[in-house]
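Please walk me through this structure, piece by piece.

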Amino acid sequence: MDKVDVWLIDGSGAWANAAMGCAGRGSGKIVVVVDPGMDDPDSIRQLTAVIEKGSSRIAMIETFPGNPALPGFLRNLADSVSYMHFQAWTTGNQGNAVLSQLRLARALGLEDISLRDICALPDSCLLSFQALRSGCRLSLRFLVTASSALPARHVIRGYAADALAILTVYDRNTARPAEALLTDASGQHLLPAIYETAHRFMLRNLGNQTASLTELTAFADDVELTRSLGLN
Amino acid sequence: MAHKIGVGIVGAGVVSQSIHLPVLARRCDDFAVAAIWDVDPVASALLAERCGAGSSLSFEDLLNDPQVEVLAICSPVRFHADQVVRGMLAGKRAILCEKPLATTVEEARRISEVAKATGVPLLVGAMHVFDPAWIALRDQVDLLAAGAISIRSNIVLPPNARFEQWASELDGRATGPGPSLQPETIRSAVLQVAIHDLPLIRAFLPKGRQIKVIAASLHEPFGYSISVACGECVLDLSAHFYSGWQPRWELEVASAAVAVHIEFPPSFVHAGSSVATSWSGGRATVLGPFEANGYEGEWNAIHTLLRGENADIPPVEDIVGDFQLALDIAEQALTILVREYEQ
């Protein structure tokens, strides 16, 4: 009998197949995918079906969108945000950075994300999207810079009619909590943040933080969109 | 007593009152406002009285006034080219023209020809070019210019009238409705807002490469975003005008190994320079804020120049190139927006 309760899978390779293998090895397991990358979207959808049929649960630990500062930022983001800018500084490839940006957008409640334009160059890219947030249409821009000048990070800026919001999420190897800065008529607020990576946060809350099947399907959609961009 | 350089102000509007006259008042040991001319004689008389200057009855009078050595052209843009050219031909010692320099490339070229023929120095009131933090950053600019891969210019501003009023202590001006989100607005947004940083941005773009505007959009309440490709560099231009209190005016440039970030004060603020930060090899260097700002930098350059010393002012070819870049971006963005609105 399999005595393992939690499987940890490295998300850098063909993680969906590996997760399917683990999920099929007994009931009541939790399969944790650490930093899931751009696996084959069909395999990810297959995994969704396997999880749906069985009794195992799946959790994804994503460095940037899983940062514990995101829920607080989302709660405080003004409803009237009409424009959002996602900026990624990366030392890796642009595709992975864009995937993280899409995942961050999802974590911030953006839906129906559709690409409008792309300007892709060897070491940088600029993408325009439209999306819905709480039923309202807004413009999105993704800027990716592949540079070693700054440690990897994502900066998200939200612009509303009377407020600004800026969230900076650092890479897991940077010992800095995320910075969520909100500016409105009452002043400027730095939201509380803790020195905790997405990984530790997720593992600490594993009992109640597993991904829904909808989230897994959304991940497959995000991978599919990112792959279609053909970025470096 | 040392000679004070006589300045003639063209236009008695908010730019003269909120920008140049406060700077010239601080530099009163070196400059004297000799005369002011505006199409509205009451406006020019009132302003001239406030600063102890003469009030010219016509532009021709201002040109013929021997006390006017330098012209500061702060009139509406449609008059710039003609007034700059006439100022040069009248033998003024230097011309400071507010941005944008002209309305068409042809006008800009005409200015360039006359500048070369007369030898009269020309400055465009692009204050960020003369900002001490930008100037202090020059070594990094040279490093980055060879390999810039991304440039982000983002301008977030509360209502401009607030800053104009603080600078000039004028009576509050009616702000009126904000700009519309019609496609044509993007042209003026580029030529009046984005243009502030385009000379700086141009310093990083690969020489001799055409720019291509990939996308343009407008957003509520008023803002724009424009995506531009030039060689292997993306240019991300955006602005957001809102009713909030906090301005943020940023320019950021990165290469594979170096990045710089400059945070400028809003227009009309006379309280020191921008702050520039550069990162390279795991090390961050912060330059500024310095005591002077870009507006003072413009007049310092004129003063240095007229003392016969080397002043760091862009050559007229660069001035025309800067204007051409702005116009290119404006026209291409407009074409994209018109096409999208028609669909």
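Predicted model: local features only at pLDDT ≥ 70, side-chain atom pairs only at ≥ 80, totals over all residues.

The crossing of H9(B) and H12(B) is right-handed. Residues are numbered from 1 along each chain as its sequence is written, while chains are lettered from A and ligands numbered from 1 in the order in which they are written.

Stay with the helix pair. H9 of chain B covers residues 185-192, and H12 of chain B covers residues 316-342. Helices (H or I, at least four residues) and strands (E, at least two) are DSSP runs, numbered from the N terminus. The axes of H9(B) and H12(B) lie 8 Å apart, at an angle of about 160 degrees. Axes are lines fitted to C-alpha atoms, for helices over the stretch in contact, and angles run from 0 to 180 degrees between N-to-C directions. H9(B) and H12(B) are therefore roughly antiparallel to each other. Angles over 145 degrees count as roughly antiparallel, under 35 as roughly parallel, 65 to 115 as roughly perpendicular and the rest as oblique.

Which residues make the contact? H9(B) brings Ile186(B), Arg187(B), Val190(B) and Leu191(B). H12(B) brings Ala326(B), Ile329(B), Ala330(B), Ala333(B), Leu334(B) and Leu337(B). Residues are in contact if their C-beta atoms, placed from the backbone, lie within 7 Å. By class, the contact of H9(B) with H12(B) has nine nonpolar residues, no polar and one charged. Here Ala, Val, Leu, Ile, Met, Phe, Trp, Tyr, Cys and Pro count as nonpolar, Asp, Glu, Lys and Arg as charged, and the others, Gly among them, as polar.

Now turn to chain A. Its domain 1 spans 6-63 + 199-229, and its domain 2 spans 70-196. These bounds come from an automatic or database domain assignment. The centres of domain 1 and domain 2 of chain A, taken over C-alpha atoms, are 23 Å apart. At their contact, 13 residues of domain 1 of chain A meet 13 residues of domain 2 of chain A. On the domain 1 side, H5 (198-204) and H6 (213-229) of chain A each give two or more residues. H6(A) gives the most, with six residues.

Next come the sheets. One open sheet of chain A has three strands, in the order S1-S2-S3, with parallel pairing. Two strands pair if DSSP finds at least two bridges between them. S1 (6-10) and S3 (57-61) of chain A each have a single partner strand, so one side of each is left without a neighbour in the sheet. Five bridges join S1(A) to S2(A), residues 30-34. Trp7(A) stands opposite Val31(A) in S2(A).

The other open sheet has eight strands of chain A, ordered S5-S6-S7-S4-S8-S9-S10-S11, with mixed pairing. S5 and S11 (187-190) of chain A are its edge strands. Seven bridges join S4(A) to S8(A), residues 153-159, and the two run antiparallel. His85(A) stands opposite Arg157(A) in S8(A). H4 of chain A, residues 94-107, lies across S4, S5, S6, S7 and S8 of chain A.

Last comes the contact between the chains. Chain A puts in 30 residues and chain B 31 residues. S4 (83-90), S5 (110-121), S6 (124-133), S7 (136-146) and S10 (179-184) of chain A each supply at least two residues of the chain A side.

How values were computed: Contact = placed C-beta atoms within 7 Å. Left-handed = near helix turned anticlockwise from the far one by under 90°.
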